[in-house]
Amino acid sequence: MIPDDLLAHARAAKGFMPEDEGSCLHRWAREQLPHGPALEVGTYCGKSAIWLGAAAREVGGAVFTVDHHRGSEENQAGWEHHDDTLVDGELGVMDTLPTFRRTIAAAGLEDQVVAVVGRSGTVGAWWRTPLSLLFIDGGHGVEPARTDYLTWPRWVAAGGVLAIHDVFPDPADGGRPPYEEIYLPALASGAFSEVDAVGSMRVLRRTAGDAGDLVA
Ligand SMILES: C[S@@+](CC[C@H](N)C(=O)[O-])C[C@H]1O[C@@H](n2cnc3c(N)ncnc32)[C@H](O)[C@@H]1O
């Protein structure tokens, strides 16, 4: 479990990260961060970033977190997970960046958690750094999930881990793209083997190839 001060911030943060799954992320980040940076796709307001950043505060290392901060489909007005307080009044669009910044500053994790603001596919096209841990929790539609899979897992270093959120093998439990477009292809590629599962979180270790090698 993370230290009490950070647990309070994780609980208070807006977002979508149950405690048992956050704790799973934290445990794997503690193991992996001594070997290189971690990267999260899907920052939202920084809830999961606190669990990752807590590990970086404990063992050293850095966590990059990528988001365009305009929200996913389900965060837009009229959808299930819309939060009107996160709309930029002038532009009339979602902007989760100010809330994220306040959340991470209040948690005292600005030295550990680095925001990368942009579309996942755009950022990833220029990314070249081997990752000790990759956490995918971005857009949950077919296209964004497919793009995240084609863009990011190749940068996981040999022995590093790929964590995927909202993996629901049973369609009755939730949407399919993280399962069908990320989890199943990663296993089928032969580059990853499952090492942990908590709730909808799945953790795979890179057991073949190295950072930069394509994951087909
Ligand atoms: C499920 S939320 C992330 C939740 C967060 N990890 C937490 O702990 O609360 C998904 C996030 O992915 C972002 N997102 C969706 N599609 C994206 C894309 N193509 N590029 C960058 N960010 C994207 C959305 O803006 C949203 O903030």
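This is a predicted model: local features need pLDDT of at least 70, side-chain atom pairs count only at pLDDT 80 or more; totals for chains, interfaces and linings use all residues.

User: In what order do the strands of the open sheet lie, and what is the pairing?

Analyst: In general, strands of a sheet pair through backbone hydrogen bonds, either parallel or antiparallel. Here 7 strands form an open sheet with mixed pairing, in the order S5-S2-S1-S6-S7-S9-S8. Strand S5 (113-117) and strand S8 (192-198) each have a single partner strand, so one side of each lacks a neighbour in the sheet. On average, neighbouring strands are turned by 20 degrees against each other, direction ignored.

User: In which sense do strands S1 and S2 pair, and over how many bridges?

Analyst: Strand S1 (residues 38-41) pairs with S2 in the parallel sense, over 4 bridges. Glu-40 has Thr-65 of S2 as its bridge partner.

User: At what angle do helices H1 and H3 pack?

Analyst: The angle between helix H1 (residues 4-12) and H3 is about 165 degrees, and their axes are 8 Å apart. Because angles over 145 degrees count as roughly antiparallel, H1 is roughly antiparallel to H3. The crossing is left-handed. Leu-6, His-9 and Ala-10 of H1 meet Lys-47, Ile-50, Trp-51 and Ala-54 of H3. By class, this contact has 5 nonpolar, 1 polar and 1 charged residues.

User: How many residues surround the ligand, and which are the closest?

Analyst: The ligand is surrounded by 22 residues, the closest being Gly-15, Gly-42, Ser-48, Ser-120 and Gly-139. Helix H3 (47-59) and strand S2 (63-67) are the elements that give two or more residues to this shell. By class, the shell has 12 polar, 5 nonpolar and 5 charged residues.

Technical notes. Residues are numbered from 1 along each chain as its sequence is written. A residue is near a molecule or strand if its C-beta atom, placed from the backbone, lies within 6 Å of it. Ala, Val, Leu, Ile, Met, Phe, Trp, Tyr, Cys and Pro count as nonpolar, Asp, Glu, Lys and Arg as charged, and the others, Gly among them, as polar. Axes are lines fitted to C-alpha atoms, for helices over the stretch in contact, and angles run from 0 to 180 degrees between N-to-C directions. Angles under 35 degrees count as roughly parallel, over 145 as roughly antiparallel, 65 to 115 as roughly perpendicular and the rest as oblique. A crossing is left-handed if the near helix is turned anticlockwise from the far one by less than a right angle, and right-handed if clockwise. Two residues are in contact if their C-beta atoms, placed from the backbone, lie within 7 Å. Two strands pair if DSSP finds at least two bridges between them.
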